Amino acid sequence: NSIQNDIEAEFTDEYLDSLEEEIEEELKRAASVPQEATEDAKKIKIPTSKGLYKPHKGLPIVAIIGRPNVGKSTIVNRLADANCIVDNAPGITRDRAYREAYWRDREFVIVDTGGLVFDDNSTFMPEIRQQAFAALAEATAAIFVVDGQSGPNAADEELATYLRKQKVPVLLAVNKCESPVEGLTQAAQFWALGLGEPLPVSGLHGTGTGDLLDQLVDLLPPPGSTPIPDLEETAIAIVGRPNVGKSSLLNAFCGSDRAIVSAVSGTTRDSIDTVVMRQGNVYRLIDTAGVRRRTHVAFGPEYFSVNRSFKAIRRADVVLLVIDALDGVTDQDQKLANRIAAEGRACVIVVNKWDAIPEKDSNSIYVYEKKIRAALSQLEWAPLIFTSALTRQRVPKILDHVDYAVTQHRRRVKTGLVNEVIEETVRWHGPTLVKAGQQGRIYFGTQVRTQPPSIVLFVNNQALFDKSYTRYFERQFRKSLGFDGTPIRFFWRRKRRMGDDQAFTVPYAN
């Protein structure tokens with residue numbers, strides 16, 4: 001209801017009234033459209049380009065390294081003005097999380113990593129080490145974070161020994177030094193690590209972070225030495241229930257182990273942004289945490305993970321709704337589909353794990369598609385594709401569907417063409433007569449915004465158009481103009497000023 005109220009608030013009476021004279025003038029100019037509506041839709045075709053995915057590298061990368069629970073994510077939040085999930089429990093961060101930051105005249109990217117422990121092979125720890133090593137391999141500089149309150153320990157010494165052997169320059173940040181006086185004493189303990197001057201900082205309060213950034217930018221390449229392409233991004237949120245293969249799909253897009261993949265439910269905690277390039281197009285892939293039923297989510301890290309997933313839907317251009325082919329469509333999938341439609345996001349339905357379906361034949365894909373379409377009727381406009389993230393079957397084709405859905409989501413149709421479609425739609429089937437003998441009449445319509453496409457229809461009385469007719473109207477509208485892959489919002493607005501002779505009507509026999 002809150003989303004619907006926000007939508008209605010955009011189209012106030014004053015705003016719509018200001019459109020009326022402009023629309024009437026445009027209708028006069030576009031009385032005859034030189035092309036049919038169907039021909040206009042045919043001009044936009046799904047691209048079939050193929051190519052390799054290449055990581056988008058422009059800004060220098062700074063890796064944040066340290067053992068668990070020393071406050072690495074807090075430091076990232078402070079330096080990059082980010083909102084990484086933090087908690088007193090160790091092991092919250094698992095995957096690499098990239099955050100853009102700047103200081104003085106330098107822009108750079110900070111990479112948050114999980115706690116690095118060499119002699120621990122428990123759940124997720126080998127994968128977390130792999131992610132930290134990958135961050136170091138691509139970094140221009142690194143910040144080694146230690147805990148000033150607990151002092152140096154064997155894990156810090158082991159990490160320092162490892163970092164001294166790396167070619168990447170390292171700064172030593174002693175976190176949790178809230179007191180300016182005691183902070184110098186706490187930091188002095190870490191001279192023994194052999195990594196240069198320990199810098200006392202407080203990620204929580206920001207103390208000392210300016211001095212840390214001053215030394216950091218001196219290690220980065222001078223401004224302008226690395227060309228940064230100015231290309232428009234397409235944000236793609238990958239959402240779904242836990243364990244449907246979202247992170248596997250992200251890795252398939254990137255061609256590397258960008259995210260930790262495990263059979264354990266809830267592996268991904270925070271939303272992971274990854275920028276990739278494909279034949280000149282830039283995509284920001286947002287891997288999200290699996291969304292379970294609200295009753296199963298306790299307040300804590302998982303609660304914030306689910307909240308980030310919903311925010312990812314809101315900031316995305318296109319949402320990939322990942323369905324498990326083995327489980328089919330569940331109640332939670334339908335709730336996610338409702339949220340995607342309510343947020344007005346373009347969508348592609350991705351049925352993953354298609355390789356795990358036993359005894360498939362040439363007709364299986366049509367049987368499964370029929371079942372999924374019936375269960376996700378609220379996304380009947382979304383393209384559907386069967387893939388396998390494990391074998392990369394049809395994975396490149398997903399971005400072809402994304403490109404087309406984005407084009408439709410941002411598409412604007414001229415008012416003359418909109419009214420031509422309205423006239424044809426009403427001619428085929430007019431609004432139903434009510435008992436009092438009244439009949440709904442549509443005077444004209446116009447598209448008032450994109451993302452999603454929103455059409456305002458000026459009618460004699462919106463109460464005369466029932467749900468069955470509005471559904472018919474949207475089906476005919478899509479049949480004539482396309483808009484596959486994106487929702488369309490229709491706003492039926494009462495307008496009494498115009499006469500019935502100016503409305504699109506269809507005669508009824510007695």
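This is a predicted model: local features need pLDDT of at least 70, side-chain atom pairs count only at pLDDT 80 or more; totals for chains, interfaces and linings use all residues.
1. Residue numbers count from 1 along each chain.

2. Start with the pair of helices α9 and α13. Helix α9 covers residues 246-254 and helix α13 covers residues 395-409; their axes come within 9 Å and cross at roughly 90 degrees. The two helices are therefore roughly perpendicular to each other. If you want to find the contact on screen, α9 brings L249, A252 and F253, and these meet V395, I398 and L399 of α13. By residue class, the contact of α9 with α13 has 6 nonpolar residues, with no polar and no charged ones.

3. Next, the sheet with β14, β15 and β16. It is an open sheet of 3 strands, ordered β14-β15-β16, and the pairing is mixed. β14 (442-449) and β16 (489-494) stand at the edges with a single partner strand each, so one side of each has no neighbour in the sheet. On average, neighbouring strands here are turned by 25 degrees against each other, ignoring direction.

4. For a landmark, look for G445, which stands opposite L457 in β15. There is a helix here too: α14 (residues 415-428) lies across β14 and β15, and runs at about 140 degrees to β14.

5. Now helix α4, residues 72-80. Is α4 mostly covered or mostly uncovered? It is mostly covered, with 7 of its 9 residues buried. The buried set in α4 is K72, S73, I75, V76, N77, L79 and A80, so note that K72 is on that list, given that buried means under 20% relative accessible area.

6. What do the buried residues of α4 pack against? Their partners are the strands β2 (61-65), β3 (97-103), β4 (106-112), β5 (141-147) and β6 (170-175), along with helix α8 (209-219). Just after α4 comes D81, which takes a positive phi of about 50 degrees.

7. Last, the cysteines. How many disulfides does the structure hold? The count is 0. C177 has a relative accessibility of 2%, so C177 counts as buried. C347 is at 0% relative accessibility and therefore counts as buried as well.

Conventions:
Side-chain values use heavy atoms; hydrogens and water are left out. Axes are lines fitted to C-alpha atoms, for helices over the stretch in contact, and angles run from 0 to 180 degrees between N-to-C directions. Helices (H or I, at least four residues) and strands (E, at least two) are DSSP runs, numbered from the N terminus. Angles under 35 degrees count as roughly parallel, over 145 as roughly antiparallel, 65 to 115 as roughly perpendicular and the rest as oblique. Contact means heavy atoms within 4.5 Å. Ala, Val, Leu, Ile, Met, Phe, Trp, Tyr, Cys and Pro count as nonpolar, Asp, Glu, Lys and Arg as charged, and the others, Gly among them, as polar. Two strands pair if DSSP finds at least two bridges between them. Buried means under 20% relative accessible area, exposed over 50%, partly exposed in between (1.4 Å probe, protein chains only). A disulfide is a pair of cysteine sulfur atoms within 2.5 Å.
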